[in-house]
Amino acid sequence: MKDLYDVHGRGETIGFGPGADRLKAVFDQITATARARHGDARVEADLLSKARITIRFGTLNNCLFDERNPAGAVCLENAIVPDGHTGPLEDRCRPDRCPNSMIGIEHAQIHEAHHRTQLALLQTPGLPACRKALITREAERAEAVLNKIRGTQA
Ligand code: SF4
């Protein structure tokens, strides 16, 4: 978290999508509070730890699911949550539309490759309609993620 805070503090991009925007807003608030208190890096580190931000680093995105405020987590929509499970259901993750999703710089290539693969698959001659619909949906999801990265979609 401290690394991401420092990256943001240098004016570099920490990621894309609503989760990243939320994180940036928290970081900005911490910086402003520390400044108002004439605090140093130690004050910032203290505020950062008190912010109690949870971030789960994943292969396709980073997840900012907040146990205290689970509403809006797309993976939990209409899901059967196993007994005793708390937190998100990563295997149902929707980086394209979850408000907790942060697409990191490191994830961009995976989504680009996935998008290219789906577009190539769509060129397969004689695709059954149901298969075509599935691939189209995947391509659209990948495109939605890429739009967040390119800043062409909120
Ligand atoms: S859909 Fe993904 S980003 Fe959203 S809460 Fe679930 S695991 Fe996290």
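Predicted model: local features only at pLDDT ≥ 70, side-chain atom pairs only at ≥ 80, totals over all residues.
Let me start with the strands β2 (62-63) and β3 (101-102), which run antiparallel and are joined by 2 bridges; strands here are DSSP runs of E with at least two residues, helices are DSSP runs of H or I with at least four residues, and both are numbered from the N terminus.

Residues are numbered from 1 along each chain as its sequence is written.

Now the chain as a whole. It has 5 helices and 3 strands, and from the N terminus on these elements run α-α-α-β-β-β-α-α. Along the principal axes, the C-alpha atoms fill a box of roughly 65 × 40 × 20 Å. A residue counts as buried if 20 or more other C-beta atoms, placed from the backbone, lie within 10 Å of its own, as exposed if there are 12 or fewer, and as partly exposed in between; on that basis, 21% of the 154 residues are buried. Two residues are in contact if their C-beta atoms, placed from the backbone, lie within 7 Å, and of the contacts with a separation of 6 or more, 55% are between residues 24 or more positions apart.

The domain assignment, whose bounds come from an automatic or database source, gives domain 1 (1-53), domain 2 (56-103) and domain 3 (107-154). The centres of domain 2 and domain 3, taken over C-alpha atoms, are separated by 21 Å, and the contact between these two takes 6 residues from domain 2 and 8 residues from domain 3.

Which residues touch the most other members of the largest nonpolar core? They are Ala20, Leu23, Leu64, Met102 and Ile103, out of 17 residues in this core, where a nonpolar core means a set of buried Ala, Val, Leu, Ile, Met, Phe, Trp, Tyr and Cys residues joined through C-beta atoms within 7 Å. The elements giving two or more residues to the core are α1 (2-9), α2 (18-36) and α5 (129-150), and the largest share, 4 residues, comes from α2. Domain 1 and domain 2 each supply at least three residues to this core. As a general background, nonpolar side chains tend to be buried together in soluble globular proteins.

Leu64 deserves a moment of its own, for beyond its neighbours within four places in sequence it is in contact with Gly19, Arg22, Leu23, Thr54, Ile55, Asn100 and Met102. Ile55, in turn, lies in the loop between α3 and β1 and touches Met1, Asn62 and Leu64, again leaving out residues up to four places away. Is Ile55 buried, exposed or partly exposed? With 15 other C-beta atoms within 10 Å, Ile55 is partly exposed.

His107 gives a contrasting case, for it sits in the loop between β3 and α4 (108-122) and is buried, with 23 other C-beta atoms within 10 Å. Apart from residues up to four places away in sequence, His107 touches Leu60 and Asn61.

Arg52, in the loop between α3 (41-50) and β1 (56-57), has a positive phi of about 50°, and it is exposed, with 9 other C-beta atoms within 10 Å. Asn78, in the loop between β2 and β3, also has a positive phi, near 50°, and is exposed as well, with 6 other C-beta atoms within 10 Å.

Technical notes
Pairing = 2+ DSSP bridges.
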